[in-house]
Amino acid sequence: MTIYFLQAFIYLVAAVIAVPVAKRLGLGSVLGYLIAGVIIGPVAGLVGDETTTIQHFAEFGVVMMLFLVGLELEPKMLWAMRNRLMGLGGLQVVGSAAAVMAIALAFGQPVSIALTIGLIFALSSTAIVLQTFNEKGLTKTEGGKNAFSVLLFQDIAVIPMLAFIPLLALPELVEKAQQAVGNAAEHHEEFSLVAHLPGWAYGLVILASIAVVVAGGHYLSRPLFRFVASSGLREIFTATALMLVVGIAALMSLVGLSPALGTFLAGVVLANSEFRHELESNIDPFKGLLLGLFFITVGAGIDFGILSEQLIVIILLTLGVMLLKALVLLALSFIFGIKGSDRWLFALSLAQAGEFGFVLLSFSMQQHVLPLELAQTLSLVVALSMFLTPGLFILFDKVILPKFEANSNEREADTIEEKGTVIIAGIGRFGQIINRLLVANGIHTVVLDHQADQVDALRRYGAKAYFGDALRPELLHTAGVEEAAMVVVAIDSRESSIELVKYLKHTYPHLKVLARAFDRGHGYLLRSAGADYIESETYHSALQVGGQALRELGFHPFFVEKQINIYHELDDKASDVLYHAWQDDSEGERFDNNYRQLFMDLEDNIKSAVQQDRFGKFASTDRHWTPPPKGYADDFDDDNEAGAGSTEKT
Amino acid sequence: MSSQRVLVLYAHPANHRSEVNLPLYEAACQVPGVTCIDLYYQYPTLNIDIDREQQRLLEHDVVVFQFPMYWYSTPAILKEWQDLVLEYGFAYGTQGTKLNDKLFLCALTAGGHEDAYQTQGYNHFTVRELMYPLEQMAALTGMRYLPPFALFGARTALEEERIGAHVTRWQQLLKALVDGKINQRKAYKAEKLNHYLSELDAAGDL
């Protein structure tokens, strides 16, 4: 047990120190993790062989990442990007694989090995690239979107590759290995459901398990989440989310499919679900930690012995691979009309080999496709190219982007379109009306509520509502609070709404916060919490009913309207005075004598102001359409000419 | 003459559809010495703050109504503004001398073509004639009246690319007002202010 604690501690210390430092230096978190890995691995020798084991475990971070990627992608969007996905992604994989294969052949490698190497280097690093896009806010750019489609295609393409590579097995490697690893192979097969099935049955099983994921995600997950949500236990919801991801990964492994593909599918299926943001915020921390761990193990796994022996070869190979991939990507960017800085972002971001390269490498070794020495060299090339990627992003940021920035101002404007989202916390009677008004005016809203049945009811009318407690910072984050134009706080609890306003104004001082108050006291508390605009929930409806009462009593409707306006105006002024009195009087807990007195005084003010006009006086507050005094026209001179005449007056 | 403070009171109830008045208003905001108020923006419920508006009048030397013509008159909020702000004892009456000697003019756009606004045209009256109530308002409040600065055929001005020139002329007018270059007695005789400005321009005085 102690040894696990120690190891975990070493990994955590390395990450905690290296990542913030790397970030501060503008290198990005991925490079930070890689450096941390190098330091604790080959340099300091603090960790050893167990990194490979940990790496297999940490690969689960990639699976989670694809689940989250799926959650962000509604099926509609996926369908909309089918051309880019198949065209751009397909050509990238085929093109890069063919180019790398041709060079390997030129170096005298047999066809099967050359093809495998080509496939391995055709893949890029989804983990590094998406993480960096997120950090640098490049996800929504044209280059970012295109790079994403390519990555998505690659992640999907891994599955047929895994099926195809065993067919390339070298007879002499197989023979040599068969004596050595007979037992281990037996052991592995225990965990597969499909090892001894004929081809057609295998196909059926695969189809069935995909159907289970899609149908289960669509029909079963909601009742399950609702059931769990109604228990109100946060950690059980987290457990459910984990159970879902782990379960799908297990199912996919059992039938010999990629767990990443399975969870990605599940993510897409759940992208429309009201639990989307809640799921995201639950899985996200796990994903972050596991991915970090994955990168550390990549860094720690660098074998300095082989590296120093073949340093020049490895560096040349790495640069060659990256150049080749970048050239293929550049060629594609011309074909698909990706222009300007986006072209360079697209080409540079995907030039590395990726984590799936490691997966394919170890798999090809197990399947006796690649000899061990070659595989070790290649895995160093993969690692080194991943290591260099943050450098390419820095190159893009510091050298390429400034060149294009000057003349790309027009495009800047349409990337902001996504902003201006309004987050509505609480979708009871109050929030619903706000939401309907905003949506009717084409405003994009994200609605959050912690009552699953409320969200459900709203979704039945086609509103975009999500289950989740708006008080949780992670949920606000996944709902996009950083980019939101404002947050409307309409939650059904006094304490929570004040807490939320406080948190929002403290963390995002420039965010506009509009709040619903239950009554005067609650309004004051919201105001001192920093809300920008506060409206009492009953105030306007009460004024309307009061107005109707006056009309029923025979007052002229237009006169009533004026009286309501005056009341409103005076009350506005009064509440300012009262607020300050309330602040002085108490720490906001009770209404003191001074406040009471002031309140009564102001009530009298309103009463007298409203009544003045009725007694025929010249009211100071209600002067609207007050006629001039009787006989005023007698004062006018007859010589008061029109226009130019009046200039003669001195 | 010291610099004149110009107040533009802008009224357009459908700002988002405006093709001419909005560019004119935005151009006015660019001219130094001009205060621009979008009345429908400030008083979306027409609940005009009388004190604030009177204070504004006191702080300016030139008052401009800028509006699209609606049924041969101003949009409703400008009428409301007159009814509420120009109080007895402030704008008229023996004590009501607060607006004396300020300059007043309308900058308006009309949908019909210029030849429609003639005695023989289908609108039967010139815009100068149609604005008589405002001219008399100026007279009764002791303001010095300038003829309207007008753009006709406003619905097709965008397609016919006439807006740019009009906006330039409008900015020239506002600058001339700020600099006190407008001779009210001469301008008053013109049917429209546009004519007077062309004369100034020809003489190199703009």
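This is a predicted model: local features need pLDDT of at least 70, side-chain atom pairs count only at pLDDT 80 or more; totals for chains, interfaces and linings use all residues.
When residues up to four places away in sequence are left out, A:Val501 touches A:Val489, A:Val513, A:Ala515, A:Leu526, A:Ala529, A:Gly530 and A:Ala531.

As general background, nonpolar side chains tend to be buried together in soluble globular proteins.

## Packing of α1 and α7 in chain B

Two packed helices are described by the angle between their axes and the distance between the axes. For helix α1 (residues 21-30) of chain B and α7(B), the angle is about 35 degrees and the axes are 10 Å apart, and the crossing of α1(B) and α7(B) is right-handed.

On the α1(B) side, the contact is made by B:Pro23, B:Leu24, B:Ala27 and B:Ala28, which meet B:Ile163, B:Val167, B:Trp170, B:Gln171 and B:Leu174 of α7(B).

## The buried side of α9 in chain B

Helix α9 of chain B, residues 193-202, has B:Leu193, B:Tyr196 and B:Leu197 as its buried residues. These residues lie on the same side of α9(B), because they cover an arc of only 100 degrees around the axis. Among the elements that cover the buried residues of α9(B) are β4 (103-109), β6 (149-151), α7 (163-178) and α8 (184-189) of chain B. Just after α9(B) comes B:Gly204, which takes a positive phi of about 75 degrees.

Most residues other than glycine have a negative phi. B:Tyr72, although not a glycine, has a positive phi of about 65 degrees, and B:Tyr72 is found in the chain B loop between β3 (62-68) and α4 (76-85). B:Tyr72 counts as partly exposed because it has 15 C-beta neighbours inside 10 Å.

B:Glu161, likewise a residue other than glycine, has a positive phi near 55 degrees, and its place is in the loop between β6 and α7 of chain B. B:Glu161 has 8 C-beta neighbours inside 10 Å and therefore counts as exposed.

Methods: Residues are numbered from 1 along each chain as its sequence is written. Chains are lettered from A and ligands numbered from 1 in the order in which they are written. A residue is buried if 20 or more other C-beta atoms lie within 10 Å of its own, exposed if 12 or fewer, and partly exposed in between; C-beta atoms are placed from the backbone. Helices (H or I, at least four residues) and strands (E, at least two) are DSSP runs, numbered from the N terminus. The arc is that of the directions from the helix axis to the C-beta atoms. Two residues are in contact if their C-beta atoms, placed from the backbone, lie within 7 Å. Axes are lines fitted to C-alpha atoms, for helices over the stretch in contact, and angles run from 0 to 180 degrees between N-to-C directions. A crossing is left-handed if the near helix is turned anticlockwise from the far one by less than a right angle, and right-handed if clockwise.
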